[in-house]
Amino acid sequence: MTRVRMASGFGWVSSFAHVACWLSAAVLAQDPPAAYLRIPTPQQLEWHRLEYYAFVHFGPNTFTNEEWGVSQSTPDVFNPTALDTDQWAKSFADAGMAGMILTAKHHDGMALWNTNTTTYQIANGNWAKDRVSQGLSADVVQLAATSAKKYGIKFGIYLSPWDIHRDPAMPKPNLTSTIFDEPQIFGDDTPGDYNELYAQQLTELVTMQLDDGSPIEVSELWLDGNSGSDTVQTFNWTDFRNIIREYQPDAVMWGRQGVDARWVGNEDGVTVATNWHCISRTQDETHYSGEELQTGVRDGIYWTPAEADARIRDGWFYHPTETPKTADALMSMYLQSVGRSVNLLLDVPPDTTGQIVQDDVDVLLEFKTQRDAFFNRTLFTPEAVITASSTRGDDGTLYGAANVLDGKSETYWAGNDDETIGWLEVDLGKTHSIDAIITQEHIALGQRIGEYTIYGVVGGVYKTLVAGTSIGYKRIDRLTEPVQTNRIRLSVQQANATPLINSFQVLGEKISSP
């Protein structure tokens, strides 16, 4: 057993052989553990840390009361009466959301930015023409990206691969003999190259400049694979990925099966208890089922972590008859997504004014208050007494148990390299009432742990509080009822390589002395 302590000095060693051995061991101790199979890229690691951000579905559907835009109305239908993208960004920042992803083009095919690829864009509608005549921008993507930058949150872009406007199987009677009656090039059997058009649209977006002349910074590109048509279109995912890598190298590319992040398998904002950050198929290969995507593949070929998309209302776009979920419902969703190592992407759609509805803003703020109250009850401090089953190379500075309490993302506890089980134990000193435990693996070197148990000493006996499988980036285990204890032990009972724990924390209350 290793107990955290200050490193002691070394006396003079007269034997050269002993000095050589000591130096060799010291050097080896400085080398980090070998990475285990697949590991996240720096971009993916940064993405994991975002945890919770907003989806913004806004477009013609907002005004036609649709979800998929099959009516194919002209751009005149897009008519927000008081567009305010600053209000979006400020609302999300105030709610503790790390960013927002905007539907630059949904399935309807109407572009919300100024594009050279299609006449079917809001710039060709009366609302945009009126704004431009007043010297105002009508490029909603540029406006939203500028607002995100202003309020210090990330900005992402949703660009639907399926395009009803270009799909010959989808009728468009409202557009016949207008400038919006464009060639039907969506589909492998059409006389055109839809992949080329899509690549041009993607390139325009990722090379966009903001109104101050600075380049747009995109944190995530959302390439939705959904379709409501029988038209077969083979997408050139490789070209799309290369465009993103060239112009937005720090961005994460989302698709049903990657490249960088995957669908969680449902649209409810939740996942199952076991979640692996890897899968073994790409976007071009046979699709996993929703259930398979929830779980992922342990030791899979690709690091492709899941993102859980969900809605604050019933629909993705604003509909006047719908109401937002409660803060309690959002908290439950959060614990079943972020609390299970999956990022939460929550859709909060603007209404026909072009602003987030105040009822939705109020729920987001109430949810933030609830989260803050839940998390601001940490009981472990950096000064707590913590012990471990072993410490790698007896190097307490680099790999000691105290590292899990220092709040740093780059430090961690590691046992000896030949050990795949081990434990950490924190002595609270006095009895406390605890109701939740947060554990994080050091995933920069891979996801390793497959079984763990958390014990609390109750009445002098170790009592099982949590029995789990995967941990990954972050695991929040909420107890069914509070437990009074003065010692907590995390026991890793199965791992495919030496367990590396980045953080271990409990939430609860101190019990006042009588």
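Mentor: On a 1 Å grid over the protein atoms alone, a cavity is a set of points where a 1.4 Å probe fits but cannot get out, and lining residues have an atom within 4 Å of a point. Points are joined across faces, edges and corners, and a volume is the space filled by probe spheres set on them. The model is predicted: local features need pLDDT of at least 70, side-chain atom pairs count only at pLDDT 80 or more, and totals for chains, interfaces and linings use all residues. Residues are numbered from 1 along each chain as its sequence is written, and side-chain values use heavy atoms, without hydrogens and water.

Trainee: What volume does the largest cavity have?

Mentor: The structure holds four cavities of 30 Å³ or more. Among the residues lining the largest cavity are Tyr36, Trp276, Asp299 and Gln447. Its volume is about 70 Å³.

Trainee: Which strand gives the largest share of the lining of the second largest cavity?

Mentor: The second largest cavity has a volume of about 40 Å³. Its lining includes Leu50, Gly99, Met100, Ile101 and Glu220. Strands are DSSP runs of E, at least two residues long, numbered from the N terminus. The largest share, three residues, comes from strand β3 (residues 99–105).

Trainee: How many charged residues are in the lining of the second largest cavity?

Mentor: Asp, Glu, Lys and Arg count as charged, Ala, Val, Leu, Ile, Met, Phe, Trp, Tyr, Cys and Pro as nonpolar, and the others, Gly among them, as polar. Lys154 and Glu220 are among the lining residues. By class, the lining has four nonpolar and two polar residues, and the number of charged residues is two.

How values were computed: On a 1 Å grid over the protein atoms alone, a cavity is a set of points where a 1.4 Å probe fits but cannot get out, and a pocket is an open set with protein on both sides within 12 Å along at least five of seven lines; lining residues have an atom within 4 Å of a point. Helices (H or I, at least four residues) and strands (E, at least two) are DSSP runs, numbered from the N terminus.
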